[in-house]
Amino acid sequence: MKITIIGAGPGGYEAALYAAKKGAEVVLVEKDKLGGTCLNRGCIPTKAFLASYDTLETVENAKTFGINVSGEPEVDYPAILARKNKVMESLVKGIQFLMNKNNVTVINGFGSLVDKNTVKVVKEDGTEELVKTDYVLLATGSVPIAPPVFKYDGKRVITSDEILDFEHAPKSLILVGGGVIGCEIGQFLAAMGTEVTVVEALPRLLATMDEDVSKQLARQFKKDKIKVVCGDGIAEVNPAEDHVDVTLASGKTLSAEYVLVAIGRAPFTKGVGLENAGVEMGDRGRVAVDDHMKTNVDNIYAIGDIVNTPFLAHVATKEGFVAIDNMMGGDKAATYHAVPGCVFTTPEIANVGKMEWQLQKEGKELGKDYRTGTFDFKGLGKAQASGHIAGFVKVIADMDDTLIGAEIVGARASDMLQVLTTGVQLKMKVEDLADCIFPHPTMCEAVMEALHDVHGMSTMKV
């Protein structure tokens with residue numbers, strides 16, 4: 001069996017390795033670098049930057065822990081950029097090594113469908129290669145959104161694609177979008193010395209999360225001297241030679257060296273040849289698939305940001321596994337009731353399953369339709385000892401005591417979320433999960449206490 005995958009992001013490259021390990025002949029087509037947006041222009045470079053931010057914060061707070069550092073810490077931005085690039089290059093080489101080791105054929109070029117069994121690859125030098133195949137997996141990912149009002153030029157008005165390769169930190173930046181991308185990049189640049197103003201059209205930062213989560217981050221942004229304007233949109237953007245002027249919907253005017261548009265991403269399907277194979281489209285410009293990740297064409301599957309599921313690398317990876325299993329005779333369905341989400345700000349934010357605002361929007365009432373348990377990190381010995389007291393854990397259960405959602409705000413929140421993700425995925429009872437022995441002293445004890453708090457039995461909560 002021959003499987004051709006178009007797109008080598010986390011969904012595509014992991015699916016290629018998975019298919020190869022299951023015995024398929026695999027061709028992986030990528031127009032840029034292996035790893036896609038996540039590794040080269042998203043998840044990994046931003047986390048490399050944020051690691052530098054964490055290190056700076058540690059040095060600045062060293063005296064609190066009895067460590068004297070002479071002089072003020074200095075930011076060497078070119079060195080931060082060089083480290084980021086080194087991390088990315090190492091990972092790309094690692095993926096290429098795995099492809100070679102598993103006999104996956106990698107073709108560099110723009111892949112598109114000629115028909116249901118033929119993929120055309122246009123290489124950088126203009127030459128073309130036709131690949132005959134039994135199955136096709138579409139994993140072409142997404143691109144940043146920049147509506148005409150922003151007058152995007154890639155110079156003064158930029159997206160996350162450009163900012164990650166800046167050789168210096170901007171003096172000032174208007175960051176449009178208070179979501180995950182905007183909050184992570186904004187906090188990092190503020191620490192690097194940039195005067196950051198975040199403009200969010202919705203009433204608060206991270207508006208897809210609960211209000212108590214948003215408030216925790218808003219307090220931190222105030223400490224970080226990040227200006228935040230919520231509930232106001234963009235009316236006009238005027239780039240000049242050395243700055244950008246912005247007029248908000250309210251009439252207020254702002255000016256900065258750059259404007260960074262971080263209002264979301266759109267599926268990348270342009271030129272992929274979907275119409276040549278008769279692939280049907282669904283809502284919002286996304287490819288229509290069933291829960292087996294199959295399109296209306298029996299041998300073509302699609303995953304990741306081009307289908308109507310969460311725009312998350314780990315979702316694309318899971319969908320890739322599901323698609324490959326089904327191509328090879330399986331009967332797997334993708335499920336989405338326990339999708340973890342993480343925001344790598346300080347403090348970190350992580351959530352899974354239903355959130356309280358969603359339940360309230362559905363008309364459900366606390367105490368009647370669902371219950372919550374909470375615990376603040378400041379009540380833990382490990383949090384006090386390590387200095388990471390900001391944040392909390394909140395778990396949500398239905399009235400049958402089934403865990404249906406959770407949120408964590410605090411240090412290492414993303415690492416702690418998995419136990420709750422497992423609980424939501426397996427539809428575990430809160431009482432059963434709380435019965436597990438949690439190691440002491442750890443930050444994870446806040447999870448245990450929040451679970452006990454659902455029944456009013458947290459021994460460490462006042």
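Biologist: What makes threonine 295 count as buried?

Modeller: In this predicted model, threonine 295 has a relative accessible area of 6%, and buried means under 20%, with exposed over 50% and partly exposed in between, for a 1.4 Å probe and protein chains only, so threonine 295 is called buried. Residues are numbered from 1 along each chain as its sequence is written, local features need pLDDT of at least 70, side-chain atom pairs count only at pLDDT 80 or more, totals for chains, interfaces and linings use all residues, and side-chain values use heavy atoms, with hydrogens and water left out.

Biologist: Which backbone atom of isoleucine 300 lies 2.8 Å from a polar atom of the side chain of threonine 295?

Modeller: The backbone oxygen of isoleucine 300 does, and the side chain of threonine 295 also reaches the backbone nitrogen of valine 297 at 3.1 Å. Threonine 295 itself lies in the loop between helix H8 (274-277) and strand E18 (300-302).

Biologist: Why is H3 called oblique to H6?

Modeller: The axes of helix H3 (residues 43-60) and helix H6 (residues 180-191) come within 10 Å and cross at roughly 40°. Angles under 35 degrees count as roughly parallel, over 145 as roughly antiparallel, 65 to 115 as roughly perpendicular and the rest as oblique, which makes H3 oblique to H6.

Biologist: Which residues of H3 and H6 meet?

Modeller: With contact meaning heavy atoms within 4.5 Å, Thr46, Lys47, Phe49, Leu50, Tyr53 and Leu56 in H3 meet Glu184, Ile185, Gln187, Phe188 and Ala191 in H6. By class, this contact of H3 with H6 has seven nonpolar, two polar and two charged residues.

Key:
Axes fitted to C-alpha atoms, helices over the stretch in contact; angles between N-to-C directions. Helix = DSSP H or I, 4+ residues; strand = E, 2+ residues; numbered from the N terminus. Nonpolar A, V, L, I, M, F, W, Y, C, P; charged D, E, K, R; others polar. Polar contact = N/O pair within 3.5 Å; in protein donor to acceptor, adjacent residues only side chain to side chain.
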